[in-house]
Amino acid sequence: MAQMYAALKMKMGSWDYYSVRMKMSEVANEIKFASEVNDDKTLDTAIQREIGKSRAGTQIVNYLVQNKERFFNSLVVAALDGNPTFNPVSLANEPRFEMVADMFNDTFGVLTFDDTIKTYALDGQHRLYAIKSLVDGTANLASPRGFNDETINVIFVVPSNDVTRDDFLKSYRRLFSSLNRHAKSTAANTNIIMDEDDRFAIVTRRLFSECDFFKWNGHHEDPRIDTDASAENLNRNSTAWATLVGLYRMNITLLWDQDIQAEHGRYRTNHDLIQATPTDEEVDSLYGHLDKIWDAILINLKFLQDDASKKRRSGSDGSDGYEDNLLFRPIGQTGILAPVARRLLNQFEVSADSASDKFVAALKPLSMVDWNLQSNLWRDLLTIQDGDENWAMRAGNNRAAAVEKGRGVLFWVCGLEDLSEDQIEELKKDWSFLLEGPYGDRDTREEETFNELAVLRRKIIEECY
């Protein structure tokens, strides 16, 4: 059934858009959330869940219920498909409007869609959530009398006839990011899901549809990546391996190779490259590089595919079927795994064009490291025992220093840095100084640990270099 709206036709930049009057009931029934435009189930509910758990579920709903003077700004929606047509209404035969008739030419009329139309909120998703929850009764609050028939201005953004659906979806993501990023800061995971200019966000999303390790079909409750988290930290009871934000940050480190650094310098969070819209060819090349890196990581670290709930139990050493593995912890993923892997690829001069087996060989040292947090290298450095003898990940001011020192030790162990005897002694002292807790005799622990690491370093060099 066709949908018809009285509309004002407007244009700004490359966008054609229409201002439309809609009832609240129409808004609730006809406009969907932007998250539903995604094809992959790992991402397509992330934004809606974030909205539902936010202030939209309480604060905005209460505002609508309690204020007679309630008022919302316009909602902005993308109108996909629907074969939109606009039929202007002429005022030429109205003598009363003769003086201003030219002002309304091709401006005021009727906007028509067929029943294939799909409308998604670009801006105003929190307001849309509140409207929907009042109209459908899920808010558990009685809506104001007559609320369903109240009206709101809705701006429909419509693709041009010469634009493909895929290109429009890219433009839609870009517009979504612009509306939300510049009007109000959005969560990091939301930006990664929606950003169509950030090449690293684009290839991170692509992992979910093309890399088996990251795929999730929506039919079970334990996806590999937690897309709800707005930072890299995992919730205490999470069964995911990593968060979307953590994966994104790992990918930037893994891809920021010598060629990128030579052309663009060192990475920083506000780097111009992040917002330099890539071509399709650039994205394909970058994804091909990333895919080889993750394949090589997973070949060398097969345990990353194990049940995460059994790899992140504080204090476990593996003897009870559980383990506390550093690579299932965010600081191990972004602070150690990714930068060490990048350095190894640089060391062996592995580039995006290298064969897959070169990636696997370069990252072999990763498979030889003991990643258990109860091993000598990590215990009391990154995992700390409190007064009740409970283990927890290190926090506080020295956390960053401890991660940096652990990473530095691995650079040496993996043959990435050659140190003199004096430099090794300095490394020992710096590492030992950062230990916390009942670690026993410091000198004995220091010698025991670095003797083990020296043996491992020799083995890595013999087998990998």
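Buried here means under 20% relative accessible area, exposed means over 50%, and partly exposed is whatever falls in between, using a 1.4 Å probe and protein chains only. This is a predicted model, so local features need pLDDT of at least 70 and side-chain atom pairs count only at pLDDT 80 or more, while totals for chains, interfaces and linings use all residues. Residues are numbered from 1 along each chain as its sequence is written, and side-chain values use heavy atoms, with hydrogens and water left out.

**View 1. Arg206 pairs with Asp284 across two helices.** Arg206 is partly exposed, at 21% relative accessible area, and Asp284 is partly exposed too, at 42%. Their side chains form a salt bridge at 2.8 Å, N to O; the term stands for a side-chain nitrogen of Lys or Arg within 4 Å of a carboxyl oxygen of Asp or Glu. Arg206 sits in helix α7 (residues 199-210) and Asp284 in helix α10 (residues 280-300), so the bridge ties together parts 78 residues apart in sequence. Helices are DSSP runs of H or I with at least four residues, strands are E runs of at least two, and both are numbered from the N terminus. Glu210 joins in as well: Arg206, Glu210 and Asp284 are linked in a network of salt bridges.

**View 2. Lys23 meets Asp149.** The whole structure holds 21 salt bridges, and one of them joins the side chains of Lys23 and Asp149 at 3.9 Å, N to O. Lys23 belongs to strand β2 (residues 15-23), while Asp149 is in the loop between α4 (125-135) and β8 (151-158), so this pair ties together parts 126 residues apart in sequence. Lys23 is partly exposed, at 33% relative accessibility.

**View 3. A buried pair, Lys311 and Glu323.** Here the salt bridge spans 2.9 Å, N to O. Lys311 is in the loop between α10 and β11 (312-317) and Glu323 is in strand β12 (residues 323-324), so the link is between parts twelve residues apart in sequence. Both ends count as buried: Lys311 has 12% relative accessibility and Glu323 has 14%.

**View 4. Trp294 in the largest nonpolar core.** A nonpolar core is a set of buried Ala, Val, Leu, Ile, Met, Phe, Trp, Tyr and Cys residues joined through side-chain atoms within 4.5 Å. The largest has 84 residues, and those with the most contacts inside it are Phe214, Trp241, Trp294, Trp371, Trp378 and Leu382. Helix α10 gives the most to this core, with nine residues. Contact means heavy atoms within 4.5 Å; leaving aside neighbours within four places in sequence, Trp294 has contacts that include Leu207, Phe214, Trp241 and Leu247.

**View 5. Helix α8 crosses α10.** The axes of α8 (residues 244-255) and α10 come within 10 Å and cross at roughly 105°. That makes the two helices roughly perpendicular, a label that covers 65 to 115 degrees. Axes are lines fitted to C-alpha atoms, for helices over the stretch in contact, and angles run from 0 to 180 degrees between N-to-C directions. Among the residues that meet are Leu247, Met250 and Asn251 in α8, and His289, Ile293 and Trp294 in α10.

**View 6. Ser74 and its contacts.** Ser74 is in the loop between α3 (59-66) and β4 (75-80), and is partly exposed at 23% relative accessible area. Not counting residues up to four places away in sequence, Ser74 touches Arg127, Asn153 and Ile155. The C-alpha atoms of Ser74 and Asn153 are separated by 4.9 Å, though the two are 79 residues apart along the chain.

Terms used: Angles under 35 degrees count as roughly parallel, over 145 as roughly antiparallel, 65 to 115 as roughly perpendicular and the rest as oblique.
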